[in-house]
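Try each task before you read its solution.

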Amino acid sequence: MTNPSSNPPFPPNLPLAPLTTISHSKLLSNDSIESSKLLSACKNQGFFHLDLRTTPQGATLLSQSSQLYNLAQSLFALPLETKQQFALQKGVSLFGYKPAGTVKTTDPSHRPDSTEFFNIGKDDLFFPTSPDTLATKYPSEITPSLPLLKSFTSNCHVLAMELLTLLAQELQLSSDTIFTDLNKFDQTSGDHIRLTHTIHTPNDNKLGLPSHTDFGTITILFNWQGGLQIESTTAPNQWEWVKPLPGHAIINLGDAMKIFTNGLLKSAKHRVVPLPDNQEKAMERYSVVYFVRPNDNVMMKAVDKFENDEIRVRVAGKFEPVLGGEGNSSSTGEVLTAGEWMVQRAVQLGN
Ligand SMILES: O=C(O)CCC(=O)C(=O)O
Ligand SMILES: [Fe+2]
């Protein structure tokens, strides 16, 4: 088993996305410059680096992400037939195992994905519906790591709520529409940990993950090797690399935040591709991700402050808002709940 720091260095001279680095400790001490950096990163790029080295909570998350990297190595080393026993069921459950090659292809040459996932639900960990929920949905190898998985889940959720609180303050939202109320920990949601594993074989003409936007509220990503790219904000269809910074998480907003703010905040397109060095040599890549998603009963529409703004939102093809109304709708025109929206988006994306 390798550890994250044994990954090769990120190659020099690649065009990097111009992401802001934000200090967690400055955010926690209500530094107004840092909070306004947060808002402008969320408006302009939809992605930023968060320096976690300066707070005890951040240091814990960094250490837990490395431990989950090790768990990912042991889970993905299981035989494919074992992993397939826990396959997630499109349209039924967002949680469980997703094999490589099943995500909707979005690039012009329809290259398939080479990434497998385990999605481990917050509600399965904390509020299982039956005593055997965990045993039926996940391999028994996760059992010794349950305290780690639970602690990482609650720590990521706390971090996300800190970011949402500051964003609501910066946007001067009134207290009845603050984002944290739409993402409560103890209410049912699609929140989950995702462990990912990508295998690149030379010249396999595959993508790690085709371009997509995340459909939840906030994503907290730990990656060590690189491979993530974001669509350029200045040149559409051009891609810029995200260089992982030691001691930092990569944070991005998902479509739900775009909908809640009627397009003021950005949910950026991103994808995972082989690093240039890996065109000729094989490589494996792992990432550890936490997705915060709105509570299932939340209506997918702009919060009060933004609902009468000019309609700016165009999210994910057919899930567009009703003209003259707000929020996100089904093809029949009614606004969806987050629970309905998540299932439809997951079916659409194949994960
Ligand atoms: O692994 C990564 O760098 C990104 C993963 C991702 O975009 C996703 O799982 O939605
Ligand atoms: Fe993503």
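**Exercise 1.** Work out how helix α2 and helix α7 pack: what is the angle, and how far apart are their axes?

*Solution.* Step 1: find residues 32–44 for α2 and residues 146–170 for α7; helices are DSSP runs of H or I with at least four residues, strands are runs of E with at least two, and both are numbered from the N terminus. Step 2: the axes are 9 Å apart and the angle is about 90 degrees, taking axes as lines fitted to C-alpha atoms over the stretch in contact and angles from 0 to 180 degrees between N-to-C directions. Step 3: that makes α2 roughly perpendicular to α7 (the label covers 65 to 115 degrees). Step 4: on the α2 side, the contact uses Ser35, Ser36, Leu38, Leu39 and Cys42, and α7 brings Leu163, Leu166, Leu167, Gln169 and Glu170 (contact: C-beta atoms, placed from the backbone, within 7 Å).

By the way, this is a predicted model, where local features need pLDDT of at least 70 and side-chain atom pairs pLDDT 80 or more, while totals for chains, interfaces and linings use all residues. Residues count from 1 along each chain as its sequence is written, and chains are lettered from A and ligands numbered from 1 in the order written.

**Exercise 2.** Find which residues touch the most other members of the largest nonpolar core.

*Solution.* Step 1: a core is a set of buried Ala, Val, Leu, Ile, Met, Phe, Trp, Tyr and Cys residues joined through C-beta atoms within 7 Å. Step 2: among its 81 residues, the answer is Ala72, Leu167, Leu195 and Ile220. Step 3: α7 gives the largest share of this core, 10 residues. Step 4: zoom in on Leu195, which touches Leu68, Leu71, Ala72, Leu75, Phe117, Phe118 and Val288, leaving out residues up to four places away in sequence.

**Exercise 3.** Decide for asparagine 237 and asparagine 262: buried or exposed?

*Solution.* Step 1: count other C-beta atoms, placed from the backbone, within 10 Å: 20 or more is buried, 12 or fewer exposed, in between partly exposed. Step 2: asparagine 237 sits in the loop between β8 (228–231) and β9 (239–241), and it counts as exposed because it has 10 such neighbours. Step 3: asparagine 262 sits in the loop between α8 (255–260) and β11, and it is buried, with 22. Step 4: check phi too: it is positive, about 70 degrees, in asparagine 237, though that isn't a glycine, and asparagine 262 has a positive phi near 50 degrees.

How values were computed: Parallel < 35°, antiparallel > 145°, perpendicular 65-115°, else oblique. Contact = placed C-beta atoms within 7 Å.
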